[in-house]
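I opened the model and made a list of things to look up. My notes follow in the order I took them.

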Amino acid sequence: MIVENQIKDILKSRKVHLTLIDPDEQTPEGAVEIAKAAIRGGTDGIMLGGSTVDGADVDNTAKALSKNIDLPIIIFPGNTSNVSKYADAIFFMSFLNSNNPYWIIEAQALGAHSVKKSGIEAIPMGYLVISPGGTVGWIGDAKLVPRNKPKIPAAYAMAAEALGMRFFYLEAGSGAEEHVTPEMVAYSKKATDNMVLVVGGGIRNGESAYTVAKAGADVIVTGTIVEETDNVEAKINEIVSSIRKAND
Ligand SMILES: CC(C)=CCC/C(C)=C/CC/C(C)=C/CC/C(C)=C/COP(=O)(O)OP(=O)(O)O
Ligand SMILES: O=P(O)(O)OC[C@@H](O)CO
Ligand SMILES: [Mg+2]
């Protein structure tokens, strides 16, 4: 089954958790160990990417993961080189609030051929970076959305849906001190009909994960915490079990 349908299938009964692995933070073998622990902790898939990652690191890590795990491997591209035939899918994203057309549509045009050649599934996604935005906000020359303005992301979410994008990512920035507000999540969810709402950046514990899930996030992403914790399985389990409670 294609990854988009796998995610949508799970969403019929509960919310989804994805673990983001940064290929430049460890060896491919290290990434496999992290992914296996995250799977034991209850994650639903692995996102692979970083804002400053080399294409060879993505490819080698995707290759090692594909040999060792059964869950979906989704590339979260930082640039056109971040494509690998060893992944199952790629979030084919447009950085909607970038001031630079490169990140809105040029990188996609330049990367389209290698995505097609790789044979992996492209999942169309609108990507919106909220203050503080972190490294990705800086790299992507973002017109950062103020944290206290939930109607702005909702407008982008509606526009993205009208343009045919099926996923919408509210990003506070990797390692952000605070995740996006529940108001922002709720407004974007209510403004759209069938959009899969992905929320990430600054989610480090069960309580934060519960807050964004309860507000309407369909997919909750955690990355940095995996790099910081000594016990990946326990940490992911804390986050996943809190997300499960938000289904009730
Ligand atoms: C669709 C294709 C082929 C390319 C699109 C490329 C686009 C639009 C990228 C958006 C801009 C960008 C740099 C996104 C990166 C998203 C990402 C992988 C964030 C994770 O960042 P980390 O590397 O964890 O951040 P730190 O460096 O702060 O740890
Ligand atoms: O690293 P964290 O803060 O979990 O953020 C995950 C993701 O949203 C970053 O692009
Ligand atoms: Mg990172």
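**Ligand 2**

I began at the ligand: an oxygen atom of ligand 2 lies 2.7 Å from a backbone N or O atom of G175. I count a polar contact as a pair of N or O atoms within 3.5 Å. A backbone N or O atom of G202 lies 2.8 Å from an oxygen atom of ligand 2. For S174 a polar side-chain atom is involved, 2.8 Å from a ligand 2 oxygen atom. Of the 300 Å² of accessible area that ligand 2 has on its own, the protein covers 96%; I took areas from the Shrake-Rupley method with a 1.4 Å probe.

I then listed the surroundings, taking residues with a heavy atom within 4 Å. They include L20, E171, G200, T222 and T224. F76 and Y169 are also among them.

**Ground rules**

The model is predicted, so I noted its limits: local features need pLDDT of at least 70, side-chain atom pairs need 80 or more, and totals for chains, interfaces and linings use all residues. Residues are numbered from 1 along each chain as its sequence is written, chains are lettered from A and ligands numbered from 1 in the order written, and side-chain values use heavy atoms, without hydrogens and water.

**Aromatic rings**

I searched the whole structure and found 6 aromatic pairs (Phe, Tyr or Trp rings, the six-membered one for Trp, with centres within 6.5 Å; planes under 30 degrees apart are stacked, over 60 edge-to-face, the rest tilted). F76 and Y169 are stacked, 5.1 Å centre to centre with 10° between the planes. F76 sits in the loop between strand 3 (73-75) and strand 4 (89-95), Y169 in strand 6 (residues 167-171), 93 residues apart. I read strands as DSSP E runs of at least two residues and helices as H or I runs of at least four, numbered from the N terminus.

Is F76 buried or exposed? F76 is buried at 8% relative accessibility, where buried means under 20%, exposed over 50% and partly exposed in between (1.4 Å probe, protein chains only). Y169 is buried too, at 1%.

Y127 and Y169 pair edge-to-face, at 5.3 Å and 75°. This pair joins strand 5 to strand 6, 42 residues apart. F76, F95, Y127 and Y169 form one aromatic cluster.

**Backbone**

Most residues other than glycine have a negative phi, and most peptide bonds are trans. I found the S131 to P132 bond cis, with omega near 10°. P132 lies in the loop between strand 5 (121-129) and helix 5 (134-139). D141 has a positive phi of about 50°. D141 lies in the loop between helix 5 and helix 6 (151-162), and is partly exposed at 38%.

How values were computed. Polar contact = N/O pair within 3.5 Å; in protein donor to acceptor, adjacent residues only side chain to side chain.
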